[in-house]
Amino acid sequence: MISLLAEGMGIRGTSRVTGLHQQTILNLLETAGEKCAKLLDERIRNIQAGNVEVDELYSYVGTRPENTERGDPIHGEMFCFLGIDRGSKLIVSHLIGKRLASNCRTLMSDISERIQGRTQLSTDGFPAYMGANGAVASAFGTDVDYGIEVKRFGQEDGPPGRYRPAKCLGVTRAAQIGDPDLRSVGTSRVERMNLSVRHFMRRFTRSTLGYSKTFKNHRYATALFVAHYNFCRTHSSLKNGIARTPAMAAGLTDHVWAIEELLRA
């Protein structure tokens, strides 16, 4: 059942396939999510990360933002903050919450505690990350090579009334702290990770009824995805004679984990 959730099947679909009641599946999700969150906190430590990318992924919980009471902390617009190591593809840290400066600082502080040595860090141009009082400076001080990548988008030409994704018109990169290599500053890898999140977590799929109804289940499902991605799912770009997971590439384990090992650990 946990494998079905980790592969992108929703609660109702899992209930139909397994014959289990939806509340039973949610109870198991809660147990698995708590175990995975604890595992990630304990195991993702002392990471050698030469290049870290950070981005935020939009979703909503309970109700759409326009139908949510102002100031409600657990409903409406919600973001999944992700920080990944560009080399190993490991998700070093994640956070679920509003797109606030306080959450940016929490994420950056967590990343700084989990990696070893100096790293290069890339974000988009969200102001909460930048500046002398920004999240990056507060967490790393000057012990980081930090750069930003800002992309300019415009609508592609075509017949009116038809949806098309925005077209990237240009990219600007700038150093913020230290001496980052501007040629390698970017958020393309973590943005590709956003696609994986939407693919393997039903509650992140756009324009469906699969959105999270409660904040706690949103967090449990995300913790399950991150742990499964890091330790159980092999990555096509990491093959070195054998199939490898991000955790293997980062030196955290020497084999691909099964779901049973993930939950026991």
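How exposed is R64, in terms of relative accessible area? Select R64 and you have the answer: this residue is partly exposed, at 39%. Here, buried means under 20% relative accessible area, exposed means over 50%, and partly exposed lies in between (1.4 Å probe, protein chains only).

Before you go on, note that this is a predicted model, in which local features need pLDDT of at least 70 and side-chain atom pairs count only at pLDDT 80 or more, while totals for chains, interfaces and linings use all residues. Residues are numbered from 1 along each chain as its sequence is written, and side-chain values use heavy atoms, with hydrogens and water left out.

The term stands for a side-chain nitrogen of Lys or Arg within 4 Å of a carboxyl oxygen of Asp or Glu. E66 counts as exposed, with 56% relative accessibility. The structure holds 14 salt bridges, so let us visit some others.

**Second stop: helix α4.** Select residues 101-114, which make up helix α4. Helices (H or I, at least four residues) and strands (E, at least two) are DSSP runs, numbered from the N terminus. Within this helix, look for D110 and R114, four residues apart, or about one turn. Their closest N and O atoms are 2.8 Å apart, in a salt bridge, and both residues are buried.

Now select R173 and E149, a salt bridge with its closest N and O atoms 3.0 Å apart. R173 sits in strand β6 (residues 167-177) and E149 in strand β5 (residues 145-154), so this pair ties together parts that are 24 residues apart in sequence. R173 is partly exposed at 38%, whereas E149 is buried at 4%.

**Last stop: the whole chain.** Zoom out to see nine helices and six strands. Along its principal axes, the C-alpha trace spans about 55 × 50 × 35 Å. Of the 265 residues, 48% count as buried. For contacts (heavy atoms within 4.5 Å), look at pairs with a separation of 6 or more: 62% of these join residues 24 or more positions apart.
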